[in-house]
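Hi everyone, thanks for making time this morning. I'd like to walk you through a structure that may be new to you, so let me put it up on the screen.

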Amino acid sequence: MAFSEKKRLQLESKIMSYRYRNKDSDQRKTYDEVFDEKTLLTLYKMMTSEVIDTLDFPLATGKEGNVFRANTMDDKPIAVKIYRVSNSTFKNIQKYIDGDRRFRGVGKNHRRGIYLWAQKEFRNLERMHKNGVTVPEPVACDNNVVVMEYIGTLEQPAKHLKDVELDDPQKIFDHLLGQMKTMYQKADLVHSDLSEYNILMIEQDPIIIDVGQAVLTNHPMAQEFLTRDVKNIIKFFNKHGVEADNAEVIEMIRGET
Ligand SMILES: Nc1ncnc2c1ncn2[C@@H]1O[C@H](COP(=O)(O)OP(=O)(O)OP(=O)(O)O)[C@@H](O)[C@H]1O
Ligand SMILES: [Mg+2]
């Protein structure tokens with residue numbers, strides 16, 4: 001049997017098993033949506049070009065997509081984020097698409113909009129990674145599939161900031177502000193959905209994830225998004241006894257103080 005044919009069958013049986021393991025019919029529907037025909041083709045292509053060897057198991061089901069743990073040919077774990085090509089995904093990303101000239105002309109073509117969106121996440125990851133923000137290292141992107149470094153140990157994926165006991169909250173807070181400053185000043189980006197849910201922890205070190213919606217600092221909504229990000233982070237750390245002033249933190253991130 002040809003190499004790619006074998007991989008294709010392996011992948012198909014894996015997907016079938018996800019599907020049937022799930023008694024919940026909503027979950028099943030989600031899998032049908034995620035693995036539509038075109039997405040399967042994209043995954044086969046990534047297997048043929050040896051970006052992915054095997055798709056191992058689901059890590060999370062998000063609003064817009066699913067994240068899987070996979071393996072490379074040289075047996076390194078990677079994370080594969082697959083955006084669902086659906087109306088609801090398109091609706092959720094719309095407010096970030098408006099005002100971004102890269103999406104001009106997408107109109108009602110949802111599939112194209114979602115492909116561009118995945119590409120935007122990949123490019124944002126590249127831009128942040130290159131400029132020293134601790135995000136998963138980008139690996140590859142094709143259509144609605146983004147492949148990146150897997151954050152976690154072999155036994156389990158990294159926990160979210162919200163679920164970790166913090167040894168020194170002030171230190172982690174300061175570290176995160178430094179990351180936000182680097183993101184703003186060096187990568188020229190505002191995350192725009194930053195919270196304790198989109199930060200993973202390796203030991204006591206934060207890794208920022210979910211950067212699809214990050215916008216350039218000159219985006220018409222950038223300052224509003226930055227204000228919201230800062231508010232979320234301060235609110236979370238307040239609960240851990242850290243005090244900070246929103247306006248001062250924003251100024252610091254923008255480099256005005
Ligand atoms: N690189 C990674 N390594 C390990 N786990 C990851 C990685 N990327 C994402 N995850 C897991 O998958 C979850 C969903 O990923 P992400 O936040 O990027 O997607 P999303 O579709 O926007 O999800 P949500 O709607 O929950 O915000 C994360 O909260 C995390 O648990
Ligand atoms: Mg998320």
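This is a predicted model: local features need pLDDT of at least 70, side-chain atom pairs count only at pLDDT 80 or more; totals for chains, interfaces and linings use all residues.

Residues are numbered from 1 along each chain as its sequence is written, and chains are lettered from A and ligands numbered from 1 in the order in which they are written.

Let's start with the whole chain. The protein chain has eight helices and 10 strands; these are DSSP runs, H or I of at least four residues for helices and E of at least two for strands, numbered from the N terminus. Along the principal axes, the C-alpha atoms fill a box of roughly 65 × 45 × 35 Å.

Buried residues make up 34% of the 257. Buried here means 20 or more other C-beta atoms within 10 Å of a residue's own, exposed means 12 or fewer, and partly exposed is in between, with C-beta atoms placed from the backbone. Among contacts between residues at least 6 apart in sequence, 61% join residues at least 24 apart. Two residues are in contact if their C-beta atoms, placed from the backbone, lie within 7 Å.

Now the domains. The assignment gives domain 1 (3-149) and domain 2 (159-254), with bounds that come from an automatic or database domain assignment. Their centres, taken over C-alpha atoms, are 25 Å apart. Across the boundary, 16 residues of domain 1 are in contact with 19 residues of domain 2. Which helix gives the largest share of the domain 1 side? That is α5 (residues 110-130), with seven residues. By class, this side of domain 1 has seven nonpolar, five polar and four charged residues. For those classes, Ala, Val, Leu, Ile, Met, Phe, Trp, Tyr, Cys and Pro count as nonpolar, Asp, Glu, Lys and Arg as charged, and the others, Gly among them, as polar.

On to ligand 1. There are 20 residues around ligand 1, and Ala 60, Gly 62, Lys 63, Ala 79 and Asp 210 come nearest; a residue counts as near if its C-beta atom, placed from the backbone, lies within 6 Å. The strands β1 (54-61), β2 (65-71), β3 (77-83) and β5 (145-149) each supply at least two residues of the shell. By class, the shell divides into 11 nonpolar, four polar and five charged residues.

Next, the inside. In soluble globular proteins, nonpolar side chains tend to be buried together. The largest nonpolar core here has 63 residues, and those touching the most other members include Ile 52, Val 80 and Val 147. Such a core is a set of buried Ala, Val, Leu, Ile, Met, Phe, Trp, Tyr and Cys residues joined through C-beta atoms within 7 Å. Helix α5 gives the most to this core, with seven residues. Leaving aside neighbours within four places in sequence, Val 80 is in contact with residues including Ile 52, Val 67 and Val 145.

Most residues other than glycine have a negative phi. Asp 75, in the loop between β2 and β3, has a positive phi near 65°. Asn 143, in the loop between β4 (138-142) and β5, also has a positive phi, about 45°. Are these two buried or exposed? Asp 75 counts as exposed because it has 8 C-beta neighbours inside 10 Å, while Asn 143 is buried, with 21.

My last stop is helix α8, where Ile 253 lies. Ile 253 is buried, with 22 other C-beta atoms within 10 Å. Leu 177 is 76 residues away along the chain, yet the two C-alpha atoms are separated by 7.2 Å. Ala 247, also found in helix α8 (residues 246-254), is exposed, with 9 other C-beta atoms within 10 Å.
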